[in-house]
Number of protein chains: 2
Amino acid sequence: MIQTPYLLFLGDAPDMLAAKVAIGIRDWRPENAVGQFRMPGCGADLGLTDMTLSAARDAGARTLVIGVANRGGVISPRWKEVLLQALAMGYDLASGLHNLLRNEADLVAAAREHGRTLHDVRIPSVQYPIANGEKRRGKRCLAVGTDCAVGKMYTAMAMERDMTARGLKATFRATGQTGILITGEGVPLDAVIADFMAGSIEYLTPDNEADHWDMIEGQGSLFHVSYSGVTLALIHGGQPDALILCHEPTRTHMRGLPGYALPTLEQLRDTALPLARVANPDCRVAGISVNTQHMSEADARAYLDEVSQRMDLPATDPYRFGSDVLVDALAAI
Amino acid sequence: MIQTPYLLFLGDAPDMLAAKVAIGIRDWRPENAVGQFRMPGCGADLGLTDMTLSAARDAGARTLVIGVANRGGVISPRWKEVLLQALAMGYDLASGLHNLLRNEADLVAAAREHGRTLHDVRIPSVQYPIANGEKRRGKRCLAVGTDCAVGKMYTAMAMERDMTARGLKATFRATGQTGILITGEGVPLDAVIADFMAGSIEYLTPDNEADHWDMIEGQGSLFHVSYSGVTLALIHGGQPDALILCHEPTRTHMRGLPGYALPTLEQLRDTALPLARVANPDCRVAGISVNTQHMSEADARAYLDEVSQRMDLPATDPYRFGSDVLVDALAAI
């Protein structure tokens, strides 16, 4: 578990696109960020207070989170200088970069010297068990997609926020690097050894109060041949009580697979639900989340109405129109 | 790739049950074994020539294969003595044990000194790619099961043998430790990182001649919640042209999961085939392989007749009755 609150390191990020992780933290866990740290030439700005390492430390920051992607797969000397200074000042470091903090000898030495922790959230830090399939108390909801990157994390995050606002018990459960950095904990499922994938999700979503919902972050798609195994492990390890079907209607082929068409929402329902019922016979499809960012508002509303009628399920774009209709559906389970 | 032929190390195995790997090599690749090496007190006997290390080396053996399970998760000093001697005499070592050869400092030092290789087949030795889903030339057949350990490896091995005997082009493709040690190569799929599972199977079954069949070893089951993700990665990475449905009719629950009933062969067909068609729209179910070891011959034949009629597919127990009807079905594709 990563110590909060954070100071968000934006480094010399060229633009906001490079700052996806930091944006996620600001949007979903603003209470986790005391401010932002920008270097000369930084083209990203989260609108948070610019802080020095010492000012942020005085404001309570415990961990410097690398909230940006780096270029060329190396941690630059300019970054290194700040990271070493942070360790010396008592910060832990957290990163989702492909090149690991733990592979940098100077960072390792400084962390040891100052008794700090280097969190590489791309790598599991736990020896997960093999799944035992035993029924757990509490409820679980999983977002499944017709494709990768259609808004599954956003959907679970938005629902958690709206459920909490209504006084319902809900916890977002991160299964990817961004989600882990946002919330400070989770399972980096794509880096887990095959035999332990489902077990890692059982570990992530343990017994809980009967009226508590784990909102599990989805990964991949049953229809994406590169990652479908990860998705099925999520379904069987998570033993969800409810599925949310996620879709992006304007996509012309599966992400990264030009020869593969997207399935329909009906195909997704008819594939995912029987598989989910292997682990939880009471599982049902609770609703539909559509990423309408490439549609006009009128088109988006018309699409949502049509698909909701056609499939007899509540449908929304939680980013554009809120997640209320999906939360209503969960609350009724 | 492990250098053949092998000398099969049986050590001080208490009985034949402990010698599963060595039995597999003897049964499926007898040409890969020049003999067996037994220590005092060994209760296993493959019926092969007992050989000393030097006699086997003179007979051409290149690798000493640990063909037995060890006790208590340690490599005993008695074993160690033989393994060190073998390295000094020019053998490579190959092992599927959980405790790795590479974690034994004395073996590592001896291998380095003598320029030999330690093969731990539980651990991938290749950096596999992420699957790209591109259609490959040649044909592929995958055995899928209603449960784990219902005879999927045996089915693929038997079909490869019978196809080769008929002059058909076929290659068994190992995806587990035993299969890798038997054939000398393959992918230890259960130890592959989640994101690379499907890619490892694409790597294992590359472009080939149009009339060549890769007979891919199955793993897990779509209905086994602990390992189903591994199975789906096999289906999507292997993009099979043909599926063989494997079943053990007397089993009362899923292996290791007392609360889970087995699916029917119809459920397996109706789940696996649509998923397989995501990667290969031409995929079909070619036949049924039934493990009838717990049934009388009369009951077995009656069961096979009934299921073959009911599902309109050839059905056999390849161990008991040969795989001919399944090979006929593949040859007709």
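Which residues of chain A does the UniProt annotation "domain: D-glutamate N-acetyltransferase-like C-terminal" cover? According to that unreviewed entry, the annotation covers residues 130-327 of chain A; such annotations may be inferred rather than shown by experiment.

This is a predicted model, in which local features need pLDDT of at least 70 and side-chain atom pairs count only at pLDDT 80 or more, while totals for chains, interfaces and linings use all residues. Residues are numbered from 1 along each chain as its sequence is written, chains are lettered from A and ligands numbered from 1 in the order in which they are written, and side-chain values use heavy atoms, with hydrogens and water left out.

**View 1. The annotated span of chain A.** Residues 130-327 of chain A are 39% helix and 16% strand, and their end C-alpha atoms lie 32 Å apart (DSSP runs: helices, H or I, at least four residues; strands, E, at least two; numbered from the N terminus).

**View 2. The open sheet of chain A.** Six strands pair in parallel in the order S7-S8-S6-S9-S10-S11, where pairing requires at least two DSSP bridges. Strand S7 (169-173) and strand S11 (315-316) of chain A are the edge strands, each pairing on one side only.

**View 3. Strands S6 and S9 of chain A.** Five bridges join strand S6 (residues 139-145) to the parallel strand S9 (residues 242-247), and Leu142(A) has Leu243(A) as its bridge partner in S9(A).

**View 4. The surroundings of Arg136(B).** Arg136(B) is found in the loop between strand S5 (118-120) and strand S6 (139-145) of chain B. A polar atom of the Arg136(B) side chain lies 2.9 Å from the backbone oxygen of Gly237(B).

Definitions and conventions: Polar contact = N/O pair within 3.5 Å; in protein donor to acceptor, adjacent residues only side chain to side chain.
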